[in-house]
Amino acid sequence: MLVKVAINGEKHEADVEPRLLLVHLIRETLRLTGTHIGCDTTHCGACTVLLDGRPIKSCTMFAVQAHGREITTVEGLEQDGKLHPLQESFMSEHGLQCGYCTPGMLMTSVAFLKKNPKPTEDEIRWAISGNLCRCTGYVNIVKAIQHAAATMQGGA
Amino acid sequence: MIPGAFEYHTPSTIGEATALLARLGDDAKVLSGGQSLIPMMKLRLAQPKHLVDINGLPGLAYVREDGGALRIGGLTREADLEESDVVQRRYPLLADTCRAIADPLVRNLATVGGNLAHGDPANDHPATMLALGAEVVAVGSGGERKIPIDSFFTGPFTTALRPDEIVVEVRVPVPKGGSGGAYVKMERKVGDFATAAVAVQITLGAGGVCERAGIGLTNVGSVPIKATKAEAALVGKRPDEAAIKRAAQLAAEAAEPQEDLRGSVAYKKDLVRVLTARALAKAIERAQKGG
């Protein structure tokens with residue numbers, strides 16, 4: 001079955017089985033391996049991508065469902081060789097240790113800060129409650145998102 | 001995990017979808033948000049030969065008050081219901097429930113129609129809709145019919161829907177002044193099913209007397225449970241501490257939980273008692289503030 005999707009602004013076409021999950025299309029067919037597969041059971045959020053701007057778990061959607069839609073993956077955050085403020089903040093605030101959850105955390109946070117540019121800590125914790133991190137205890141992830149929010153407010 | 005192979009259908013009208021479902025019968029499943037169905041397919045607990053994807057059907061995602069009811073389109077995403085102005089202002093029970101469903105990422109795809117049509121007693125909307133006295137509007141190849149929520153859940157993962165029917169709308173009666181609601185859920189972690197949860201919708205009349213009470217229970221039986229004895233115990237009375245205690249006890253008696261990793265039968269029943277009292281107190285407080 002032919003599926004046409006735009007990923008990070010680039011058009012892609014692939015002939016796939018309907019049962020192929022979106023995350024496998026992204027990682028294996030299109031070789032964009034920045035998106036991770038964690039639990040594969042809709043819990044961990046490592047596979048989070050933006051579907052028409054909204055964060056979703058790409059292990060819980062079939063590739064054929066994304067036909068005609070726009071997808072953003074972590075590879076799409078960097079613009080003109082410049083990292084996204086969230087990526088910078090995750091580095092400067094030590095918002096990661098092993099890095100496995102990071103692509104998902106970033107995609108959730110990107111969409112969240114667009115909707116809520118000045119969040120409280122509680123709102124941040126709610127927003128990332130579908131993304132699991134087993135290293136940091138979340139403290140520095142929350143700090144990184146707060147830092148990015150402040151940077152982005154500053155017109156950076 | 002790779003789901004079994006299936007044939008994928010993308011009807012563009014309701015008529016096309018119901019005709020397909022009528023032809024394919026039990027071999028087909030409706031794909032809505034997919035947040036329950038796809039995990040089940042990955043575990044091969046479901047292996048439908050055909051998937052009828054209804055996400056392309058136009059005009060089924062909306063939340064609006066009209067004709068004495070809050071009308072929720074079957075394809076409305078849980079996140080959109082949660083963020084809807086009218087829900088935040090006038091339907092605290094629905095707002096509470098949305099926030100308790102799975103996690104924010106799942107809620108961006110999961111649909112209200114799917115949450116009900118899946119017929120899972122562990123899902124959160126069934127208890128809520130029982131408490132609110134909602135009505136499910138279904139369309140099949142034979143036309144449209146309205147199914148009262150009380151007769152919608154017929155068994156575990158089984159509903160009154162016929163194989164060719166799709167949930168196109170859920171109607172919640174507009175609450176009278178002096179109404180309030182609350183959903184209180186005990187979960188081990190975000191995204192887990194409820195150990196138990198209780199939905200309460202209450203209407204207080206003159207002198208603070210309870211005119212109507214709806215109480216629904218999540219994940220403490222083979223179907224979502226309406227705690228009718230607890231409801232009846234409240235109507236016509238002022239819901240003081242003694243009345244709440246009595247209703248909470250009756251709700252616990254209505255629960256029929258099974259022992260599992262989340263707890264024993266005795267624990268879950270007692271949890272229903274505690275959660276019912278908390279949900280009632282919250283709902284009453286909101287009703288006194290004018291809903």
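Which strands of chain A does α3(A) lie across?

Modeller: The helix α3(A) lies across β3 and β4 of chain A, and it runs at about 35° to β3(A). Axes here are lines fitted to C-alpha atoms (for helices over the stretch in contact), with angles from 0 to 180 degrees between N-to-C directions. Keep in mind that this is a predicted model: local features need pLDDT of at least 70, side-chain atom pairs count only at pLDDT 80 or more, and totals for chains, interfaces and linings use all residues. Residues are numbered from 1 along each chain as its sequence is written, while chains are lettered from A and ligands numbered from 1 in the order in which they are written.

Now the strands under that helix. β3 (residues 48-51) of chain A and β4(A) run antiparallel and are joined by four bridges; two strands pair if DSSP finds at least two bridges between them. Across that pairing, A:Val49 stands opposite A:Ile56 in β4(A). Zoom out a step and you get an open sheet of five strands in chain A, ordered β2-β1-β5-β3-β4, with mixed pairing. β2 (10-15) and β4 (54-57) of chain A are the edge strands with a single partner each, so one side of each has no neighbour in the sheet. The twist in this sheet averages 40° from one strand to the next.

α3 (residues 102-115) and α5 (residues 139-153) of chain A pack at an angle of about 40°, and their axes are 11 Å apart. That makes α3(A) oblique to α5(A); for reference, under 35 degrees is roughly parallel, over 145 roughly antiparallel, 65 to 115 roughly perpendicular, and the rest oblique. From α3(A), the residues A:Met105, A:Ser109 and A:Leu113 meet A:Ile141, A:Ile145, A:Ala148, A:Ala149 and A:Met152 of α5(A), where contact is C-beta atoms, placed from the backbone, within 7 Å. Sorted by class, this contact of α3(A) with α5(A) has seven nonpolar residues, one polar and no charged. The nonpolar class is Ala, Val, Leu, Ile, Met, Phe, Trp, Tyr, Cys and Pro, the charged one Asp, Glu, Lys and Arg, and the others, Gly among them, are polar.

As for the rest of chain A, there are five helices and five strands, read as DSSP runs numbered from the N terminus (helices H or I, at least four residues; strands E, at least two). Going from the N terminus, the elements of chain A come as β-β-α-β-β-β-α-α-α-α. Along the principal axes, the C-alpha atoms of chain A fill a box of roughly 45 × 30 × 25 Å.

Over in chain B, another helix sits on a sheet. Helix α1 (residues 14-24) of chain B lies across β1, β2 and β3 of chain B, and runs at about 165° to β3(B). Those three strands make an open sheet in the order β1-β3-β2, with parallel pairing. β1 (7-9) and β2 (28-31) of chain B take the edges with a single partner strand each, so one side of each is left without a neighbour in the sheet. From one strand to the next, the twist here averages 25°. Three bridges link β1(B) to β3 (residues 50-53) of chain B, running parallel, and B:His9 stands opposite B:Val52 in β3(B).

There's a helix pair in chain B to look at as well. The axes of α10 (residues 241-254) and α11 (residues 265-288) of chain B come within 8 Å and cross at roughly 140°, so α10(B) and α11(B) are oblique to each other. The residues that meet include B:Ile244 and B:Ala248 in α10(B), and B:Val272 and B:Leu280 in α11(B). By class, that contact of α10(B) with α11(B) divides into nine nonpolar, two polar and four charged residues. Overall, chain B has eleven helices and 14 strands, and its C-alpha atoms fill a box of roughly 60 × 45 × 30 Å along the principal axes.

Finally, where the chains touch: the contact takes 22 residues from chain A and 21 residues from chain B. On the chain B side, α2 (37-42) and α6 (104-107) each supply at least two residues. α6(B) gives the most to that side, with three residues. The side of chain B that touches chain A has 13 nonpolar, six polar and two charged residues.

How values were computed
Two residues are in contact if their C-beta atoms, placed from the backbone, lie within 7 Å.
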